Each structure stands twice: as structure tokens, then as C-alpha cells.
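Let's take a walk through this structure, one region at a time. Keep the sequence and the 3D view open as you read.

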Amino acid sequence: MESSLEASFSSSGAVSGASVFLPPARSRIFKIIVIGDSNVGKTCLTYRFCAGRFPDRTEATIGVDFRERAVEIDGERIKIQLWDTAGQERFRKSMVQHYYRNVHAVVFVYDMTNMASFHSLPSWIEECKQHLLASDIPRILVGNKCDLRSALQVPTDLAQKFADTHSMPLFETSAKNPNDNDHVEAIFMTLAHKLKSHKPLMLSQPPDNGIILKPEPKPAMTCWC
Amino acid sequence: MAGPSAAGLPVARWKRHIVRQLRQRDRTQKTLFVELVPAYNRLLEKAELLARISEKLQPEPNDVTPATLQCPWEEESGPDSDQVPSPTTLRVKWQEKEEGLRRVCGEMAYQVVEKSAALGTLEATLEERQSRLAALEARAAELQEARARQARQVDAQRAVNVAQRAAYEAMRAHARLREAALRRLEEEARDLLERLVQRKARAAAERNLRLERHEKAKQARMSLELKKAAKRTVSISESPNPIGDGIREEAETLARPAEPLSLKSEAGEKWKRPFRSASATSLTLSRCVDVVKELLDFKKRRGHSIGGAPEPRYQSIPVCVAAQPPTQVQDVLDAHLSEVNAVCFGASSSLLATGGADRLIHLWNVVGDRLEANQTLEGAGGSITSVDFDPSGSQVLAATYNQAAQLWKVGEVQSKETLSGHTDKVTAAKFKLTRHQAVTGSRDRTVKEWDLGRAYCSRTINVLSYCNDVVCGDHVIISGHSDQKIRFWDSRVPCCTQIIPVQGRVTSLNLSQDQLHLLSCSRDDTLKVIDLRVSNIRQAFRADGFRCGSDWTKAVFSPDRSYALAGSWDGALYIWDVDTGKLEGSLRGPHCTAVNAVAWCSSGSHVVSADQARKVVLWH
């Protein structure tokens with residue numbers, strides 16, 4: 001949390017600072033996009049994860065907001081870059097292809113107190129399918145606003161069934177509830193863990209092993225591969 | 001008649017008014033009757049008097065008639081009566097006059113009554129009219145007042161209207177201005193939003209670009225590292241290294257961990273990425289073994305990625321750290337009565353099996369530098385084409401000409417199981433790494449998978465061509481064919497997953513212990529190394545003088561995959577260095593005929609070759 005960084009548009013727009021902005025070469029960056037209807041709490045969810053608290057007031061996201069947080073997983077520093085996308089069609093229509101480019105994971109969000117937001121999930125999934133080239137991108141489903149118990153409209157079993165048919169894990173959480181502070185974090189950390197262990201033989205792995213080996217005096221090696 | 005004053009009590013006023021009017025009328029009209037009344041009174045008096053006179057006169061005619069003529073009336077009318085001075089006529093005249101007077105008097109009285117009645121009615125109507133008039137007047141006054149009030153109100157309203165109209169006009173003008181401003185602002189907002197979205201899109205694109213650059217830089221770094229590492233990667237056996245010599249002779253049989261996960265995490269901690277080349281010199285043997293196990297675990301995980309419970313596997317896997325190419329003959333035997341077709345080392349490296357065309361399988365102990373006969377396995381129905389030890393070293397599987405594969409237990413002379421089902425000679429029979437499973441290849445153009453526990457064929461794969469050899473990995477079965485192709489079969493997929501063509505009939509296939517490389521030998525006198533990760537031919541080995549002697553000439557990797565070994569038609573053994581791709585050397589020895597099969601023990605220290613002239617040679 002301490003390392004979280006609210007990367008608003010203005011700060012990221014500073015192109016001149018790009019070199020400063022670039023993460024240290026070794027850390028991996030995971031681009032995760034958060035998708036869902038307007039007013040389901042995407043901004044609050046990402047803000048909660050990156051800033052550790054519920055935002056006082058939010059307005060409709062225009063285009064996209066970037067939020068970043070550096071975490072350490074198994075001793076490796078990893079930067080989670082959350083793309084908080086606009087839910088309103090007019091604020092996102094020209095941006096969609098940017099959202100899905102080289103994305104590492106997709107988070108679908110719906111509002112548990114709003115059946116309509118749940119019912120529009122298939123269209124979001126469809127959009128995701130259309131724009132993603134790889135089919136094995138990790139996707140998770142998050143039901144937000146579970147603290148509003150009296151107003152819940154989307155029953156858990158229905159959501160679970162839906163998540164199962166689309167083979168996604170389902171999380172029900174609340175960005176607002178101060179009691180389960182860890183839950184939102186846990187969701188994203190789960191995702192980060194999954195991403196980290198994903199495709200372990202990819203070339204994108206950090207080449208630190210070779211660097212460790214370098215000072216060793218003996219050049220003789222057995223190639224195990 | 002002035003109307004009652006607006007102010008004051010109207011009722012009292014009109015009353016007073018009426019009274020006044022009445023009085024006035026009384027005054028004016030009294031005079032008319034005032035004279036009438038005394039006249040009438042006088043008339044009455046006169047009438048009375050006359051009446052009295054007439055009374056007195058009545059008796060007179062009786063007695064003194066002329067006397068009564070002495071009354072004033074008579075005196076008055078004396079002159080007349082002078083003319084007709086008869087009392088009777090006078091009396092008649094008088095009576096007539098009286099009568100007339102009386103009549104007049106009555107008439108007048110009647111008139112008086114009538115008039116007074118008329119007066120009364122008139123007065124009443126007057127009164128009524130007056131009251132009506134007064135009421136009407138009051139009402140008129142009221143209405144007038146109301147009208148005045150209304151008029152005032154209208155005026156006020158009109159004034160208000162005018163003011164409002166002015167205000168309205170002003171507001172309308174204002175509204176127009178505001179509307180224009182709003183339109184402008186809206187346009188501006190739209191414009192701003194569009195620009196914002198555009199900038200956001202640019203920012204997003206830039207982010208993506210940055211991520212890509214990041215990724216690319218990392219990959220570039222990675223490939224650089226890989227290249228560096230690749231340059232440094234040298235085989236241990238080639239490098240003069242004192243620890244290597246120690247290790248060289250070592251073969252380690254590892255107990256597989258009961259729970260691979262814990263080991264994996266442990267190994268994972270020690271070795272973040274064990275799949276990259278690691279410096280053997282810095283490894284203790286156990287670590288080295290960890291790496292291998294991790295490697296195998298990884299392969300297993302990959303293999304099971306689709307799911308399903310892992311099948312039971314053999315508990316021990318021999319590991320060779322470094323192999324040394326053979327240099328000299330240690331022992332020569334005439335092992336069989338005829339051609340020796342197959343030779344195979346057991347897992348422990350001390351047990352050797354040879355199979356010949358004489359339908360026998362001989363087991364040999366490797367003792368020092370000699371081969372000692374251990375046992376003969378009998379019962380094969382035909383010429384042996386292939387022998388294989390299971391990974392635990394307790395079973396021997398042989399393929400025979402009589403369309404079957406047979407299974408022996410080490411220590412038992414007679415065959416335990418016969419796997420029949422092929423319709424032509426079986427050319428290869430191999431154990432799978434999972435327990436109780438085997439694969440056979442045959443010239444009947446099929447490959448069969450067997451469940452050894454129940455001795456039945458669990459799957460038949462139609463392989464389209466004569467199968468000369470077959471090998472199997474965790475989930476892959478690879479068959480070499482007479483139609484110059486190597487075919488790959490996934491045990492989970494019904495059809496062929498891949499075909500790699502070579503330039504001659506495939507005579508032999510050999511899988512390296514890490515299951516990542518395949519060595520093929522084909523009748524174009526070429527050995528090929530196929531990288532199974534990328535499924536392409538990585539190297540091809542040829543040598544002057546090397547010729548493939550038969551359709552079942554076998555070539556093998558050294559257990560550490562540093563070398564490839566094959567026997568030639570003229571009895572020489574050829575050894576290639578897999579890392580450099582160069583011929584390491586050729587060995588000529590006791591073989592005079594074509595070498596059919598070679599085997600390299602899993603510790604890497606011994607090599608055995610078998611030829612068509614019954615000879616089996618142990619090399620070191």
C-alpha cells in the first residue's frame with residue numbers, strides 16, 4: 001500500500017518523465033484491465049487496492065485511469081498495473097482496442113445490487129473474446145458491493161453458476177467495507193500469483209539466474225535442457 | 001330627492017328620509033283637505049239645522065201651516081214663493097233640495113272615503129316604490145362601489161402585467177443569452193471530452209508501448225543471457241574437471257519423493273529456474289539430482305496439465321551425470337547361437353539382456369570388465385527383435401517374430417505373459433514410464449498400448465506404415481516407420497499429432513533420459529537429433545564409412561545425452577558428440593559383421609554392442 005501510486009492521467013501524460021517512470025528493469029509488469037458496467041465500482045475497487053482505502057467521491061471514469069501498485073511475490077518485485085476502464089459507452093468507444101492490447105489478465109466486475117449489471121456480463125465477455133488473441137488469459141469475476149446486504153439482487157449461486165460456465169473464479173467483495181480490508185487485496189494478489197506462475201518457461205522471465213551465475217569461476221556446465 | 005349620503009347608516013337614513021317626505025306631503029296635501037273638512041262640517045251643521053227645521057215644519061201644515069213660512073228659508077225664497085207661494089210646493093221644493101243635498105252629501109262622503117282609500121293605496125304603493133327605489137339605489141351604490149373597486153383592481157393588475165411583461169421580456173432576452181452560452185459551453189464540453197478521450201487513448205497507447213518496450217527489453221536481455229549461457233555451455237566430460245571425474249562413475253538411483261510438491265518447492269527455492277543450464281561444478285550431487293527431479297516433476301506437471309489423477313509411476317529413475325565414450329574392448333562373447341538382434345541394460349547398469357534370432361534372451365551380469373552369464377529366459381515364440389527392461393529392472397519385455405511380445409520376470413525362466421494381438425512380426429516392445437504399461441510396434445502397421453496388469457491391449461493405433469521402432473515418453477508415443485517418417489502420437493488424442501520426415505527408412509529411435517531429445521537412425525546412414533520442445537531436427541550425424549546395416553540397426557544416446565552411438569555395417573562403432581555435432585571417433589574391434597544393436601549403461605561407463613555374427617562386445 002505504501003508503494004501504491006495513483007497514476008492519474010496528468011502524471012502519466014508527462015512523456016518527458018517516461019524514463020523516470022519506467023520501472024527498474026528487473027521488475028515485471030502485469031497489465032490487468034477491470035471491465036464492467038458503469039457504476040458497478042470499478043474505480044473504487046482499483047482505488048481500494050492501490051490506495052488502500054475507499055475513495056471519498058468518484059466521478060464517471062473517462063477513457064481509462066491507470067493505477068499501479070508494486071507488490072512482492074515470492075521475493076520478486078512485481079508491478080501490478082490496473083487499467084480502470086470507463087463503463088459508459090461514450091467514454092470508452094474509441095479506447096477499447098487499447099484496453100485489450102497485451103493484457104495479462106481481465107477482471108470482470110458486476111454490481112451485486114444491480115441485476116442489470118450482472119446480465120450485461122455476457123456482452124463484456126463477448127467483447128473480451130473478440131479483442132483477445134490468446135484464449136488462456138486469466139479472467140476473474142468480481143461481484144462488488146456485497147456490504148449492501150439488504151439490497152442484494154444477484155444471488156451467489158446464480159453468479160457461481162455463471163462463473164463456472166465461463167470457467168472463471170468468482171469473488172464477492174466490497175470496496176467500501178472497511179472490515180474486509182484484505183479481501184480486495186487478496187483478490188488481486190491471487191491474480192498476481194496466478195500470473196506469476198503462469199507460463200514459467202516464457203522468455204519474459206527475469207534473467208537474474210544468469211547474472212547470479214556469472215561471478216562463478218567455473219565455466220563448465222551441464223545443459224539440462 | 002337626493003340619495004342617501006354614502007357614509008353613515010343607510011337604514012336610518014332612508015327611514016329619516018321617508019319620514020321627511022311624508023311630512024312634506026302631509027303639509028302640501030293637508031291644505032287641500034283642510035278647506036274641505038270645515039266646509040263639510042258646515043254642510044253637516046246646515047243639514048242638521050234644516051232637518052230640525054223640517055221637523056218643526058212638518059206639524060205646521062197641520063195646524064199653522066202659513067206660520068211656518070216665516071223662516072229665513074222662506075224669507076230667502078220668499079220672492080220665489082211669492083210667485084208660487086204654496087207651502088206644499090215649497091215643502092216639495094225643499095224636500096227635493098234636501099234630497100239633492102243629501103245625495104250630494106252622500107256622494108261627497110263616498111268620494112271622501114273613496115279618495116282616502118285611494119290615498120291609502122297610493123301611499124302604500126308610494127311607500128313600496130320608495131323602499132324599492134331605496135333598495136335599488138343602495139344596490140346601485142354598492143355595485144358602483146364594486147365597479148370602482150374592480151376598476152382599481154384592473155388598473156393595478158394592468159400595471160402589474162406591464163411590469164411583468166417587462167420583466168418577462170428581460171428574462172427572455174437573458175434566457176436567450178444563457179441558452180447561447182449553454183450551447184457554447186456544451187460544445188466546449190464536448191470538445192474537451194473528445195480531447196480528453198483522445199489524450200487518454202494516447203496515454204493508453206503510450207502505456208501499451210511502454211509495456212511492450214519493457215517486455216522487448218527484457219526479452220532482449222533474456223536472449224542475450226541465453227546466448228551468453230549457450231556459449232559457455234560445455235559438456236562436463238569434455239572439460240578436464242576433477243570433480244567431474246569423481247562424478248563420472250557415479251550413477252544415482254533416486255527414490256522419487258512421496259510428495260513431489262514439497263520437494264518442488266524446496267528445489268524451487270534453491271533453484272529458481274532449474275530449466276536453464278546450471279553449472280555442474282558448483283553443484284553438490286544432491287542438488288544436481290534435485291535439479292533433475294525438478295525437471296522430471298515439471299515434465300510430469302506439464303503432461304498432466306489437462307487433468308486426471310497421475311498414474312502410478314516407477315519409484316526409481318537412474319540418473320547419469322556424465323558419460324564417457326568407450327575406448328577399449330573389455331569382453332567379447334559369442335552370446336547366441338545366431339544373430340543377436342537386441343541388447344539392453346537394466347536400470348542398475350550391472351544387468352544386461354541380449355536377445356537373438358535363436359529365440360533366447362540371455363541375462364548377463366557386468367562384473368568389473370567381464371560379462372558373466374546370469375540366466376536365460378526361454379519360451380519366446382520366435383526370433384527376438386527387441387528387449388527392454390522396465391525402469392525398476394525387475395521385468396524384461398521382448399518383441400518376437402511370432403506376432404507377440406512377451407514378458408518375463410527377472411529370476412523366472414519362463415515367460416510370464418504373452419501380449420498377442422499383432423498380425424505381423426513385432427519389431428519393438430517398450431515399457432512406459434507409468435507402471436504396468438507397455439507399447440509395442442509391429443509391421444502390421446499398428447502400435448498397441450498394453451495394460452500389463454491385465455495383459456490386454458488398451459489401445460490400438462493405426463500407424464499407416466511398417467513400424468520399425470517405437471519409444472514412449474510420459475504421454476507421447478513416437479514411432480519410426482519404413483515410409484521414412486517419424487510419427488508422434490499423444491496418448492490422449494486419437495490422431496497423429498505430428499509427423500517428421502527423414503530421408504530413409506527409420507531403423508531406430510532413442511529418447512534421451514530427459515525426454516527432450518530424440519535420436520533417430522535411418523537407412524540414409526544418418527543419425528538425427530530431434531528437439532521435442534520445438535519438434536524440429538536439430539542435428540544430423542553422418543560419417544564416412546558409417547552405413548546402416550539393417551532395418552533394425554539401433555542407435556543410442558549416452559545417458560547424459562552428450563554422445564550418440566551407432567554401429568555400422570562393417571562392425572565399427574561410431575560416436576558423435578551431440579553438443580558439437582562432430583564425430584567423436586569410431587571404434588573397430590572384434591565385430592566382423594554388421595552391428596545390429598548397441599546399448600549404453602545408465603551409469604555411462606559401459607557400452608555393449610551386438611552383431612549379426614553372434615558376438616556381444618563389452619566396451620569401456
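What follows is a short tour of a predicted model, from chain A to the sheets and helix of chain B.

## Chain A at a glance

Chain A has 225 residues, and 38% of them count as buried. Its secondary structure comes to 10 helices and seven strands. If you take the contacts in this chain between residues at least 6 apart in sequence, 76% of them join residues at least 24 apart.

How many of the nine residues of β2(A) are buried? Eight are, so β2(A) is largely enclosed by the rest of the structure. Two strands of chain A pair with β2(A). One is β4 (residues 76–85), which runs parallel to β2(A) and is joined to it by seven bridges; here A:Val34 has A:Asp84 as its bridge partner. The other is β5 (residues 105–111), again parallel, with five bridges, and in this pairing A:Gly36 sits opposite A:Val109.

Move on to the loop between β2 (28–36) and α3 (42–51) of chain A and you find A:Asn39. Why does A:Asn39 count as partly exposed? It has 14 other C-beta atoms within 10 Å, and that class lies between the cut-offs of 12 or fewer for exposed and 20 or more for buried. Leaving aside neighbours within four places in sequence, A:Asn39 is in contact with A:Gly87 and A:Asp111. As for A:Thr61, 22 residues away along the chain, its C-alpha atom is separated from that of A:Asn39 by 9.5 Å.

In soluble globular proteins, nonpolar side chains tend to be buried together. Here the largest nonpolar core has 94 residues, and those touching the most other members include B:Val343, B:Val470 and B:Val598. Apart from it there is another core, of 50 residues, with A:Val103, A:Leu141, A:Val184 and B:Val197 among them.

B:Val470 is worth a click. Setting aside neighbours within four places in sequence, its contacts include B:Ala428, B:Val439, B:Val447, B:Ile477, B:Ile478 and B:Leu509.

## Two open sheets in chain B

Another open sheet of four strands in chain B has the order β3-β30-β29-β28, with antiparallel pairing. β3 (329–334) and β28 (595–600) of chain B each have a single partner strand, so one side of each is left without a neighbour in the sheet. Direction ignored, neighbouring strands of this sheet are turned by 15° against each other on average. β28(B) runs antiparallel to β29 (residues 607–611) of chain B, with five bridges joining them; across from B:Val598 is B:Ser609 in β29(B).

## Helix α1 of chain B

Where is the kink in α1(B) centred? On B:Lys30, with a bend of about 40°. This helix (residues 10–57) has 48 residues and reaches 67 Å from its first C-alpha to its last, close to the 70 Å expected at 1.5 Å a residue. α1(B) is hardly covered, with one buried residue among its 48.

Technical notes. Residues are numbered from 1 along each chain as its sequence is written. Chains are lettered from A and ligands numbered from 1 in the order in which they are written. This is a predicted model: local features need pLDDT of at least 70, side-chain atom pairs count only at pLDDT 80 or more; totals for chains, interfaces and linings use all residues. Two residues are in contact if their C-beta atoms, placed from the backbone, lie within 7 Å. A nonpolar core is a set of buried Ala, Val, Leu, Ile, Met, Phe, Trp, Tyr and Cys residues joined through C-beta atoms within 7 Å. The expected span of a helix is 1.5 Å times one less than its number of residues. The bend at a residue is the angle between axes fitted to the seven residues ending there and the seven starting there. Two strands pair if DSSP finds at least two bridges between them. Axes are lines fitted to C-alpha atoms, for helices over the stretch in contact, and angles run from 0 to 180 degrees between N-to-C directions.
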